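Try each task before you read its solution.

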Amino acid sequence: MASHLVTHTHNRTDSAPAHTYVHIPRWRIQVLLVFSVLLFLRVAFRLGELQILHSEELATKAAREINHEITLRPGRGVITDRHGNALAIDVERESLWVVPAYIPPEKAPRLALTLAPLLGQDEQKILEAMTNTERYWINVARWLEPAVAERIALLGEPGLRLIYEPRRIYPQGSFASQIIGAVNFNNDGIGGVESFYNTALRGITGTLTAEFDPFRNPIAIAPQQRQPPRDGVNLTLTVDPFIQNMIEAELKNAVEQHHADGGSIVVMETATGAVRGMASWPPFDPNRYYDYPPEVYSRNPAISDLYEPGSTFKIITVAAALQTGAATADTPIYDPGVVQRLGIQFHNWDRAGNGTIDPTGVLYYSSNVGALQLNEMTGAERFYQIVRDFGFGEPTGIELGGEERGLVHDPSSPFYNDALLLTNSYGQGIAATPLQMVRAAAAIANNGLLMKPYIVEKICEVDTCTHTRPTPVRQVVDPGVAWTIRRMLVHAANHYAPVVWVHHTGSWADQWLVPGYQVAAKTGTSSIPIPGGGYDPNFTIGSVLGFAPAEESRYAVLVKIDRPKDDIWGVGTAIPVFYNVMDELMRYARIPPDPALFSPGQ
Amino acid sequence: MAIRFEDLSPIRQARVRRRELPRYLRLDISRSLLIAVVMLCLMSLIALGQTGVVATKGYAIVELETRRTELLRTRSQLQLEYAAAQDLKRIYARAVELGLRPTNSNQVRYLVLPADTVPMPEIDSESEQQQAERVIPADTTVDGEQGDR
């Protein structure tokens, strides 16, 4: 290179610096310039190609690579009892996925053998999942217990992935299961308040649109669009844990003792309509609802099962007669035990006559003949008006899914006939739900004011809570009529008391059913209609409907035992349960017993 | 460029160089370009610094959110355990284990006290309040020591 340079050296004194001039041929500079221009043009062309020609395609590819919209799942609301104990709660649990591509085939059998006892699954099934290379990943088990997930994580296998998933858990198992309901795998309620309030409990899904790094974390410096999720509402039920637990235990004992097919107990606060307890048999565990038949987990027998109320309905018959003025408390009614009407024979349960009785006697002796005569006095129009006023034939409006309205065939119905008016007087040919029955009894206890039953006490969304206010529906009967019926029912209750107390008092005479308290109650033995007409000749439904204390009442209770095998009469099967429930309720409500209300020997 | 070949003392040479320095720094339009480049570099540096800070904070946020998620999981797990512990069947079984027995109506005694002599328990409904003003459930007795009713 030096040889191409022309060097001019100026001779100067030795101390002067030497100045050297380098001459570069012009053509070389021009070549360099042309090369640079070409390079620049190439870059510009490529840029144009990328930014203009393929802009949209590449932008889409890039966006697909890093831009994602992920769904932000809201938390499902918590359901609690009235004391704040959680009955349904969302908890994140790890689910196990296998990625067959990351599991060496020779290692798979051993891994499957290790996982089988941990997951409680068949080893072969796990092995099939591990060797299924047609799919990238396969779910093997959902919602593992934390201890199990921890043990799987300790295996350190790259082909086993644990991913958190929310799970609905019912920490108290089958407690109040028919009220709460359950949630299916799609996070939808399938019964109880879970179903009725499904939309509100689910909340509103949010979204996050952003650029994500390879670990699926949003890149903070990139623009993000976040629509935050709104968690579902929290529900506080009116259910009292003590009462619910107590009636569930009583129902279980009764069903087992009488080998019954099922049953229900409902406890309602008479003044407000708040349901403090609602138990039915058989129960189910909502954590494993899929292990039960659909008719068990998707129905609440206390609101979904219709039954002919039998003699408990005589309360309504007497109320109709008194309210309409068709009869008074002193109206004499002759009860020969058997009467002939419309060419049909109607009779008492034992076909025995009770002579001349009054409406009190109709309830006291549970006289069918007396009741049908009361209905004849009242007349169909007025009777069915009162029946409707008590809320029969329409849903109560309680916040539970699957409520039935009942069957009332009044004169406007194509199914009505004159015999129905007579059979309806003692609760046959008419169908109601247990909740409708207990609400009607509560209206008598509440001076004739019918309340709307409710099961949700409070709905909370973030910090705002809405309290349910007791809702009066209508005044069904006058307070005076209600008072009269209460007195009649106290007599009737005392009439059944020996069933409970005879072993203590040694007497079959009337005595206080729950010593220290005036309890109003009426028993019923319901015939069960069978397909094709007629009634089941072998089995019945035994029930007791009542409330206590008779004045300033606190709780209305219905006890219903379905198809007991050892005793077909409601007095024998349901009264002991009713007594136990009322006895516990009075103490729980801190109502002092009246020393004057004790019979000898009690 | 004129070159003077004068013998100058080192001090004078330095002075001459100093006097000629502005001439070398006079860049005319290039100077504006240079300033623009320097400004651009500075702005890039600032932007880069800010991006770095934002990215660092972004990772901190991710870490905090991860921690928050873990804490929420722990919280819900604790809520679950607490709720399970409230199960009355479990409490009953534990009470029986401890040798306690359920009371029956014969074992409960009631003392009627003036409302202002004892603190009232917290009660929800109005009717419960009225009842509580009239009666306080007294302690219970064990079997065989039934109180008068």
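**Exercise 1: a glutamate in chain A**

At 15% relative accessibility, A:Glu248 falls in the buried class. Keep in mind that you're looking at a predicted model.

Task: Work out why A:Glu248 counts as buried, and find where it sits and what it touches.

Solution: 
- Step 1. Buried means under 20% relative accessible area.
- Step 2. A:Glu248 has 15% relative accessibility, so it counts as buried.
- Step 3. Now place it: A:Glu248 belongs to helix 9 of chain A, which covers residues 241-258.
- Step 4. Leave out residues up to four places away in sequence, and A:Glu248 touches A:Ser174, A:Phe175, A:Ala176, A:Ala279 and B:Lys89.

**Exercise 2: across to chain B**

Task: Find the kind of link that A:Glu248 makes with B:Lys89, then describe where the two chains meet.

Solution: 
- Step 1. Check the cut-off: a side-chain nitrogen of Lys or Arg has to be within 4 Å of a carboxyl oxygen of Asp or Glu.
- Step 2. The closest N and O atoms of A:Glu248 and B:Lys89 are 3.7 Å apart, and the pair forms a salt bridge.
- Step 3. Between chain B and chain A, the count of salt bridges is three.
- Step 4. On the chain B side that touches chain A, helix 2 (29-85), helix 3 (88-97), strand 1 (108-111) and helix 4 (126-134) each give two or more residues.
- Step 5. Helix 2 of chain B gives the most, with 15 residues.
- Step 6. Sort that side of chain B by class and you get 16 nonpolar, 12 polar and eight charged residues.
- Step 7. Zoom out: 36 residues of chain B are in contact with 37 residues of chain A. The area buried between the chains is about 3200 Å², and carbon and sulfur atoms give 57% of it.

**Exercise 3: a strand and its partners**

Task: Explain why strand 20 of chain A is described as largely enclosed, and say which strands pair with it.

Solution: 
- Step 1. Strand 20 (residues 535-548) has 14 residues and 10 of them are buried, so the rest of the structure largely encloses it.
- Step 2. Strand 19 (residues 520-529) runs antiparallel to strand 20, joined by nine bridges. Here A:Thr525 stands opposite A:Gly542.
- Step 3. The hairpin of strands 19 and 20 has five residues between the strands, and A:Gly532 takes a positive phi near 95°.
- Step 4. Strand 21 (residues 555-562) also pairs with strand 20 in the antiparallel sense, over eight bridges. A:Ile541 stands opposite A:Asp562.
- Step 5. Strands 20 and 21 form a hairpin with six residues between them, and A:Glu552 in the turn has a positive phi of about 50°.

Methods. Residues numbered from 1 in each chain as written. Chains lettered and ligands numbered in written order. Predicted model: local features only at pLDDT ≥ 70, side-chain atom pairs only at ≥ 80, totals over all residues. Heavy atoms only, no water. Helix = DSSP H or I, 4+ residues; strand = E, 2+ residues; numbered from the N terminus. Buried < 20%, exposed > 50% of the residue type's maximum accessible area, 1.4 Å probe, protein only. Contact = heavy atoms within 4.5 Å. Pairing = 2+ DSSP bridges. Buried area = accessible area lost by both parts, 1.4 Å probe. Nonpolar A, V, L, I, M, F, W, Y, C, P; charged D, E, K, R; others polar.
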